[in-house]
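Good morning, and thank you for coming. I would like to take you through the surroundings of a ligand and then through some points of backbone geometry.

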Amino acid sequence: MVTTEYQPLTPETLPDRLAEIPDIARQLGGEAHQWHCREVGDGNLNLVFIVEGATKTLIVKQALPYVRLVGESWPLPLKRSYFEYHALCRQQQRDPGRVPEVIHFDEPQALIAMEFFSPHVILRQSLINGARHQDLALHIGRFMARTLFRGSDLCLPAKERKADLQLFAGNVELCDITESLVFTEPYFDADQNRHTTPQLDSLVASLRADETLKLQVQHLKMDFCTRAETMLHGDLHTGSVMVHEDNARVIDPEFALYGPMGFDIGMYLSNLWMAACSQIGHANRPGERDEHRNWILDVANDTWTVFIQEFSRLWDTERLGILYPETVVGNRASASELALNHRLKTIWRDALGFAGVEMHRRILGLAHNAEFEDISDPDLRAQCESHALTLGRDLILGRAGFSNVDAVSRRFHQRLPAA
Ligand code: SR1
Ligand code: MG
């Protein structure tokens, strides 16, 4: 853009600003005054515009200098769009077509113009509506395996991986959000917290009084902060996935960082499990959503199965990095297989712990989930939330004991509230 001083855009100012960028003007087609812009951001942080031109529609995302959810009292650096841009470029290379193509990045304006997925909707809302998407597990399981494997020392040249480690280490403020809002605040009576009260009061008090639980969460937080295994999406929940029929795409990697592989997986599975917990709250009659709930649980199971398959395939075919070299661990039939199984076991155990923490923070912390928030009857909402809170505690404390994803489904059903 010609204009260099940062200015938050509006649907009125956006067309003239976009017209200054030849790439965008060409793609949109026609004249700037014909372009139709609307602001559609419903996330916690940014402005998001849909810009309909004469020949094409684009998404324009602009960071605000503060947290949108809270307001100007919580400043947040514009630089997050720089990390989002770099993460999108890497994800595009590592799993082509699964993330929006970047058309233009303007660093001073903290603005990314990108591909518009249409008629896709946010997965979280689709699960609330009771819709199904057949290949969801395939797309997201592969996305996680490809991005997590290909961003790590298992695959990337060490020099490149270290440069990226350094680059994403700058995403300090967004990491701080996760460190505080996910791993810390839910476990004490922090100012920004809220929960369904009084229904959940005693359960919340018991969680906050549970020293073993809090210690385990701090162990997980230490892993999140220190185990820089790969480039993570960093905020891979069902609000960061867009779906249409059998297609699924991933958006919004502004929280990207180098961290443990299990974090993205745990956060994503957790949001599926919470969607499943919420289904009784969206039923018009008892049992109406049982099938849908079981379908969501199956998607969680299949996602992990696809992850294992794809990660194992990459282990055999793309293990070109410095870790577990073939010269030392041999090929699949020997020590390599033991090493792969060890890694998968660690990722699974970590994922379960992170999943439990994500459940807690979405019910006790600042940023809640629509699948629970949209349940207007507080008693019913609290029932769904209690299910998730207790499941979350089980996952954190028992993460080493859930041998596979079926074991989690069984625990889900054991904790299911009586109809
Ligand atoms: C203040 S930001 C709250 C949450 O919104 C984002 O989507 C992340 O999940 C963050 O934790
Ligand atoms: Mg987001």
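**The ligand shell and the backbone**

The shell around ligand 1 is made up of six nonpolar, two polar and three charged residues. In this classification Ala, Val, Leu, Ile, Met, Phe, Trp, Tyr, Cys and Pro are nonpolar, Asp, Glu, Lys and Arg are charged, and the others, Gly among them, are polar. Please bear in mind that this is a predicted model, in which local features need pLDDT of at least 70 and side-chain atom pairs count only at pLDDT 80 or more, while totals for chains, interfaces and linings use all residues. Residues are numbered from 1 along each chain as its sequence is written, chains are lettered from A and ligands numbered from 1 in the order written, and side-chain values use heavy atoms, without hydrogens or water.

Which residues are around ligand 1? They are Asn44, Leu45, Val67, Ile177, Leu181, Asp235, His237, Phe255, Arg361, Arg362 and Ala367, each having a heavy atom within 4 Å of the ligand. Domain 1 (14-115) and domain 2 (121-414) each supply at least three residues of this shell; the domain bounds come from an automatic or database assignment.

Let me turn to the polar contacts, that is, pairs of N or O atoms within 3.5 Å. The side chain of Asp235 places an N or O atom 2.7 Å from an oxygen atom of ligand 1. For Arg361, a polar side-chain atom is 2.8 Å from a ligand oxygen, and for Arg362 the distance from a side-chain N or O atom to an oxygen of ligand 1 is 3.3 Å. Ligand 1 taken alone exposes 320 Å², of which the protein buries 95%, by the Shrake-Rupley method with a 1.4 Å probe. The elements giving two or more residues to the shell are α7 (172-182) and α13 (335-364); helices (H or I, at least four residues) and strands (E, at least two) are DSSP runs numbered from the N terminus.

I now come to the backbone. The Ser118 to Pro119 peptide bond is cis, with omega near 5 degrees, and Pro119 sits in the loop between β7 (111-115) and β8 (121-122). The bond from Thr197 to Pro198 is also cis, with omega near 5 degrees; Pro198 belongs to the loop between α7 and α8 (201-208).

Finally, Ala110, which is not a glycine, has a positive phi of about 50 degrees and lies in the loop between β6 (102-106) and β7. Is Ala110 buried or exposed? Ala110 is buried, at 0% relative accessible area, where buried means under 20% and exposed over 50%, with a 1.4 Å probe and protein chains only.

Technical notes
A polar contact is a pair of N or O atoms within 3.5 Å; within protein, one must be able to donate a hydrogen and the other to accept it, and residues adjacent in sequence count only if both atoms are side-chain atoms.
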